[in-house]
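Reader: Could we go through this one together, starting with the charged side chains and then moving on to the backbone? I'd like the cut-offs spelled out as we go.

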Amino acid sequence: MSHVSDVCKKTFRSALNLKRHETIETGEGPPRREICEKPFIQKGDLNVHYRSHTKEMAYSCEICGKAFTSKSNFITHEKCHRNERNYVCEICKKAFILKQHLNVHHLIHTQEKPNACDICNEAFSQKHNLTDHYRVHTKERPYSCDGCGKTFSRKRFLTVHYRVHTKERPHSCEVCGKAYSRKSHLNRHYLTHTKEKPHSSEVCGKAYSQKSHLNRHYLTHTKDNC
């Protein structure tokens, strides 16, 4: 449900954010920067920052409807629709919309891993991967399913889990059209078409398309014949 200001007709996500905004419009509230005391040199920067408190979405995409608090983020988003990728990797020629994405990509080629865990010393090329890794130690599960309450340590795990409820299967086979909720399941399915059997028994050499089938086969070797 959206909440609209009677004064300027701007839309807000919650009644609380609308109330905060209206106190500024009417002059009844404190100066904008008194919310967090963060100083700004230019008033325009202060206005953009203030939207982080009010959640006001001043810029809306005409193509998909997604809204943004800052113009710079909105302009970056528009490049996604135009597929405008001006930053190109000199090594593999892969192109990116943002320069920081290219900088992160370069770490793949340099094998540099500047983000190290101070608990177990495991290192990562990207900071968000380190953040996810820390939850192995803290057991934190900040992402919860609003359908069943199950919690997850990573957002992508929650995204995949939602498909249990929505029955969404976004990964489909180009050969037969069969669809799957996970890409790993689709990759495993492709082996039925290619007849590839990458998992072989170290005991007798018999090969299987799926590792679970190989593990089941190993039981025939370990079975007690007495």
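Reader: Which side chain meets Arg135 in a salt bridge?

Author: The side chain of Glu140 does, with an N to O distance of 3.9 Å; a salt bridge here is a side-chain nitrogen of Lys or Arg within 4 Å of a carboxyl oxygen of Asp or Glu. Please keep in mind that this is a predicted model, in which local features need pLDDT of at least 70 and side-chain atom pairs count only at pLDDT 80 or more, while totals for chains, interfaces and linings use all residues. Residues are numbered from 1 along each chain as its sequence is written, and side-chain values use heavy atoms, with hydrogens and water left out.

Reader: Is Arg135 buried or exposed? And what about Glu140?

Author: Arg135 is buried, with a relative accessible area of 12%, whereas Glu140 is partly exposed at 40%. Buried means under 20% relative accessible area, exposed means over 50%, and partly exposed lies in between, using a 1.4 Å probe and protein chains only.

Reader: What else is linked with that pair in a network?

Author: Asp132 and Arg156 belong to the network of salt bridges along with Arg135 and Glu140. The side chains of Asp132 and Arg156 meet at 4.0 Å, N to O. That pair links distant parts of the chain, since Asp132 sits in helix α5 (residues 127-138) and Arg156 in helix α6 (residues 155-166), 24 residues apart. Asp132 is buried, with a relative accessible area of 12%, and Arg156 is partly exposed, with 45%. Helices (H or I, at least four residues) and strands (E, at least two) are DSSP runs, numbered from the N terminus.

Reader: How many salt bridges does the structure hold?

Author: There are four, and one of them joins Arg82 to Glu84, whose closest N and O atoms are 2.9 Å apart. Glu84 is partly exposed, with a relative accessible area of 24%.

Reader: Back to α5: what span should its 12 residues have, and how far apart are its end C-alpha atoms?

Author: At 1.5 Å a residue, the 12 residues of α5 should span 16 Å, and the end C-alpha atoms are 17 Å apart, which agrees. The expected span is 1.5 Å times one less than the number of residues in the helix.

Reader: Which residues are buried in α5, and what covers them?

Author: Leu130, Asp132, His133 and Arg135 are buried in α5. The cover for the buried residues of this helix includes β7, β8, β9 (143-144) and α6. Just after α5, Lys139 takes a positive phi of about 65°.

Reader: Which residues have a positive phi although not a glycine?

Author: Among them are Asn121, at about 70°, and Lys167, at about 65°. Asn121 is placed in the loop between β7 (115-116) and β8 (123-124), while Lys167 is found in the loop between α6 and β11 (171-172). Asn121 counts as exposed at 63% relative accessibility, and Lys167 also counts as exposed, at 63%.

Reader: Changing topic, where does Ser209 lie, and what does it touch?

Author: Ser209 is in the loop between β14 (207-208) and α8 (211-222). Not counting residues up to four places away in sequence, Ser209 touches Leu191, Glu196, Lys197, Pro198 and His199, where contact means heavy atoms within 4.5 Å.

Reader: How far apart are Ser209 and His189 in space?

Author: They are 9.1 Å apart, C-alpha to C-alpha, with a separation of 20 residues in sequence.
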